[in-house]
Amino acid sequence: MRVTLIHNPAAGGAGGLSSSDLEAALTLAGFNAQHRLTESVEDLPKALEDPGDLVVVAGGDGTIRAVAGYLAGQGVPMAVVPLGTANNIAGALGVRGNPREVVEGLVQPERRRFDLVEVSGSWGRSFCLEAAGVGLFAATMSTYDPEAGKSPLRALTATLQTLASYQPCEVRVQLDGTIREGPFLLVEAMNTPAMGPRVRLAPGADPGDGWLDVVLINPEQGVGFGAYLRGLLQEKLDELPNVTVERCRTLTLEWEGCPFHLDAELRSPPDGGRERVKLELKPGALEVWVPSAVAQPA
C-alpha cells in the first residue's frame with residue numbers, strides 16, 4: 001500500500017519523532033511510505049497530486065483541515081497523527097497517544113466516515129471540519145487575530161476584553177426550515193465536540209453521524225461567566241436555562257455587523273453590512289482510518 005506522509009518539519013518533531021522517523025515507522029509497519037515536504041498550505045496541491053492509497057497527516061487541526069480540503073470527494077482515505085495544541089479533530093475520533101503507536105496501529109484500522117460542512121457566503125464557498133458560527137467566540141477570535149500567531153497571553157487578554165464589552169448579535173437562524181430569531185450571545189454549528197482551544201461546547205456531537213449540533217445561547221440576566229465555565233467543565237452547558245442545542249443538516253444564518261468564523265478562519269460581512277451564510281452538511285465526505293489499538297471514546 002502506497003502511503004503519503006504530510007508533516008511540516010518547520011513545526012518541529014512529532015512527539016520526539018522527525019519526518020524521517022515517522023516515515024520509517026510507516027515502512028516498518030509494512031507501508032510503502034513517502035514523505036512529501038510541505039512548508040505551507042501552498043505546497044499541498046503538488047504534494048497531493050498522486051496521494052497513493054492513504055494520506056497520513058501528522059499535525060494539528062489546521063494541517064488536517066487543509067489536507068481534508070484536497071481529499072474530500074477523491075475517495076482517498078486519511079489518517080491523523082495528532083501533534084497540535086488542541087487536536088479537536090483527533091479527539092473527536094478518539095485518536096490519542098504516542099505518534100509511533102498511532103502509526104503502527106494503522107495496520108489494523110477502523111474505517112470511519114467523517115462529515116464535512118460546506119459553507120457559502122458573500123466571500124464564496126469554503127468548508128469546515130470542526131465548527132462555524134457567530135457570537136462571542138468569533139468576536140474573541142477577531143480581537144485575538146489568529147493571523148498574528150499563537151500566544152496564550154494574547155488569547156487571555158482578548159477573551160477578557162471581549163467579555164467586558166460584548167453586545168449580543170441579532171441573528172436570524174434557520175435550522176432545516178425552523179426559524180429562530182433574536183439576540184444571541186453565541187450561535188455555533190458543531191461538527192466535533194470541541195472547537196478552538198479545546199472548548200467542548202457540544203460533547204454529544206459526532207462528526208460521523210450525519211448531523212450538526214447547533215448551540216444557541218440567549219442573553220439572560222443572572223447567568224454569569226461562572227455558570228458557563230462550570231457548564232463547560234462538567235459538560236452540562238445545555239442544562240443552563242438560556243442554552244439550547246438543536247440538530248439539523250442545513251443551517252442558514254443572517255445577521256449584521258458581527259464577525260463569523262469557520263474553524264480557525266474569520267470572515268466579516270462586507271463593509272460591516274448584512275451577511276447571509278448557508279451551512280450544509282455533507283455526510284461521510286471523508287474516509288478516516290483510526291488505529292484501533294489506540295482509539296478511545298472521544
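## Pocket, disulfide and strand exercises

By class, eight nonpolar, four polar and three charged residues line the second largest pocket. The model is a predicted one.

**Exercise 1.** Describe the second largest pocket: its volume, its central residues and the helix that gives the most to its lining.

*Solution.* 
- Step 1. Start with the volume. The second largest pocket holds about 210 Å³ of space.
- Step 2. Turn to the lining. It counts 15 residues, and Ala86, Asn87, Gly91, Arg96 and Arg198 are the closest to the pocket centre.
- Step 3. Find the main contributor. Helix H4 (residues 88-93) gives the most to this lining, with four residues.

**Exercise 2.** Which cysteines does the disulfide join, and what parts of the chain does the pair tie together?

*Solution.* 
- Step 1. Count the links. There is one disulfide in the structure.
- Step 2. Name the partners. Cys169 is joined to Cys258, with S to S 2.5 Å.
- Step 3. Read the handedness. The angle about the S-S bond is 120 degrees, and the link of Cys169 and Cys258 is right-handed.
- Step 4. Cys169 sits in strand E8, and Cys258 in the loop between E13 and strand E14 (260-262), so the pair ties together parts 89 residues apart in sequence.
- Step 5. Check exposure. Buried means under 20% relative accessible area. Cys169, at 3%, is therefore buried. Cys258, at 14%, is buried too.

**Exercise 3.** Which strands pair with E13, and how enclosed is E13?

*Solution.* 
- Step 1. Take strand E8 (residues 169-175). Five bridges join E8 to E13, and the two run antiparallel. Leu175 has Leu251 of E13 as its bridge partner.
- Step 2. Take strand E16 (residues 274-291). E16 and E13 pair over seven bridges, again in the antiparallel sense. Here Leu251 stands opposite Leu279 of E16.
- Step 3. In E13 (residues 250-256), five of the seven residues are buried, so the strand is largely enclosed by the rest of the structure.

Technical notes: Residues numbered from 1 in each chain as written. Predicted model: local features only at pLDDT ≥ 70, side-chain atom pairs only at ≥ 80, totals over all residues. Heavy atoms only, no water. Buried < 20%, exposed > 50% of the residue type's maximum accessible area, 1.4 Å probe, protein only. Pairing = 2+ DSSP bridges. 1 Å grid on protein atoms, 1.4 Å probe; cavity = no way out; pocket = protein on both sides within 12 Å on 5 of 7 lines; lining within 4 Å. Points joined across faces, edges and corners; volume = space filled by probe spheres on them. Nonpolar A, V, L, I, M, F, W, Y, C, P; charged D, E, K, R; others polar. Disulfide = S-S within 2.5 Å.
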